[in-house]
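Dear colleague,

Please find below the structure that I am handing over to you. My notes on it follow directly after the sequence and coordinates.

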Amino acid sequence: MHNLIKRAAADLAASNHAIVLTGAGVSTESGVADFRGPKGIWTTNPQAEAQAYQRYERFLNDPKAYWEEMLDTVGSGSYFYRQMREVAPNPGHHAIAHLEQLGIVKCTITQNVDGIHEKAGTRNVMHYHGAVEKLRCLSCGSRFGVDEYSLEKLPPLCRCGRPLKYDVVHFQEPIPTDIMDAAEEEAMKCDLMLICGTSAVVYPFAALPAMARSRGRGASGVKIIEVNADPTPLTHQGISHYLIQGKTGEILPLVVDEVGKLLSQRDKHE
Ligand SMILES: [Zn+2]
């Protein structure tokens with residue numbers, strides 16, 4: 001494993017436009033509950049899962065009922081979102097922020113709806129599945145901080161007059177086009193993709209690595225590295241070049257240490 005850490009550090013140090021993709025694995029190490037694990041939110045409360053599947057349609061049909069459901073029911077989205085906003089970054093989040101500060105990582109695209117990357121200091125974060133801190137207008141695409149609204153009068157309204165929903169992308173809901181386009185642009189532009197804590201099975205997010213890989217080898221080629229607890233479809237299908245198997249909170253800080261050594265050696269030679 002140590003060789004792979006060195007290899008990843010060398011690849012990162014040699015890259016011109018590295019991007020990071022993160023998934024649930026990065027957040028569960030901070031104690032964010034998952035949905036389907038043994039103590040998952042839906043495992044312990046099947047009714048909440050049934051509600052979650054109907055949430056997007058509920059919003060479209062009756063925004064006020066959507067908001068009442070979100071705010072009233074313990075175990076529903078809003079309760080979960082409030083808990084999520086309390087969670088602190090782990091060493092994996094800090095390592096990613098550090099790589100951005102070093103000028104190596106240009107963009108972090110996350111499936112996670114928590115704002116932990118930002119708390120760790122990462123500046124350029126794309127929330128592919130939305131963010132718990134925000135509300136979004138489906139009509140004009142505007143986003144607002146959830147704290148800007150008292151949520152006493154429901155539903156909260158956008159400046160354009162249409163009802164706002166949580167920015168979080170629910171089941172059946174399309175990915176917001178601005179995020180989808182920006183993420184695809186990054187996948188086509190990057191020369192290194194570091195994939196952390198995601199089994200990459202949820203589409204269309206899972207298509208980003210394949211999209212990058214399809215650019216082939218040579219000058220436009222992309223290096224794709226996985227840091228995951230277990231092999232994923234990306235590993236099995238040969239979309240990633242290699243997998244560093246383990247916890248992101250343990251592996252990423254080691255990679256950053258090695259990157260630091262390489263950069264200081266480079267400085268000495270210049
Ligand atoms: Zn609007």
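Does Lys-261 count as buried, partly exposed or exposed? At 47% relative accessibility, Lys-261 counts as partly exposed (buried means under 20% relative accessible area, exposed over 50%, and partly exposed in between, with a 1.4 Å probe and protein chains only).

Please note that this is a predicted model, in which local features need pLDDT of at least 70 and side-chain atom pairs count only at pLDDT 80 or more, while totals for chains, interfaces and linings use all residues. Residues are numbered from 1 along each chain as its sequence is written, and side-chain values use heavy atoms, with hydrogens and water left out.

Salt bridges

Searching the whole structure gives 9 salt bridges (a side-chain nitrogen of Lys or Arg within 4 Å of a carboxyl oxygen of Asp or Glu). Lys-261 pairs with Glu-258, with 3.2 Å between the closest N and O atoms. Both residues lie in helix α12 (residues 248–269), 3 residues apart, and are therefore separated by about one helical turn. Helices (H or I, at least four residues) and strands (E, at least two) are DSSP runs, numbered from the N terminus. Glu-258 is buried, at 10% relative accessibility.

A salt bridge also joins Arg-58 and Glu-69, whose closest N and O atoms are 3.0 Å apart. Arg-58 belongs to helix α4 (residues 46–61) and Glu-69 to helix α5 (residues 63–72), so this pair ties together parts that are 11 residues apart in sequence. Arg-58 is partly exposed at 30%, whereas Glu-69 is buried at 12%.

Between Asp-178 and Arg-143 the closest N and O atoms of the salt bridge are 2.7 Å apart. This pair links distant parts of the chain, with Asp-178 in helix α9 (residues 177–189) and Arg-143 in strand β5, 35 residues apart. Asp-178 and Arg-143 also belong to a network of salt bridges with Arg-136, Lys-165, Asp-167 and Glu-173.

Zinc site

The zinc ion has the SG atoms of Cys-137, Cys-140, Cys-158 and Cys-160 as its protein donors, lying 2.3 Å from it (donors are N, O and S atoms within 2.8 Å of the metal, or 3.2 Å for Na, K and Ca; water is not among the atoms, so sites may look incomplete). The sequence spacing of the donor residues is C-x2-C-x17-C-x1-C. Cys-140 lies in the loop between β4 (134–137) and β5 (143–145), and Cys-158 in the loop between β5 and β6 (164–166), so the two tie together parts that are 18 residues apart in sequence. Cys-158 is buried at 6%, while Cys-140 is partly exposed at 44%.

Yours sincerely
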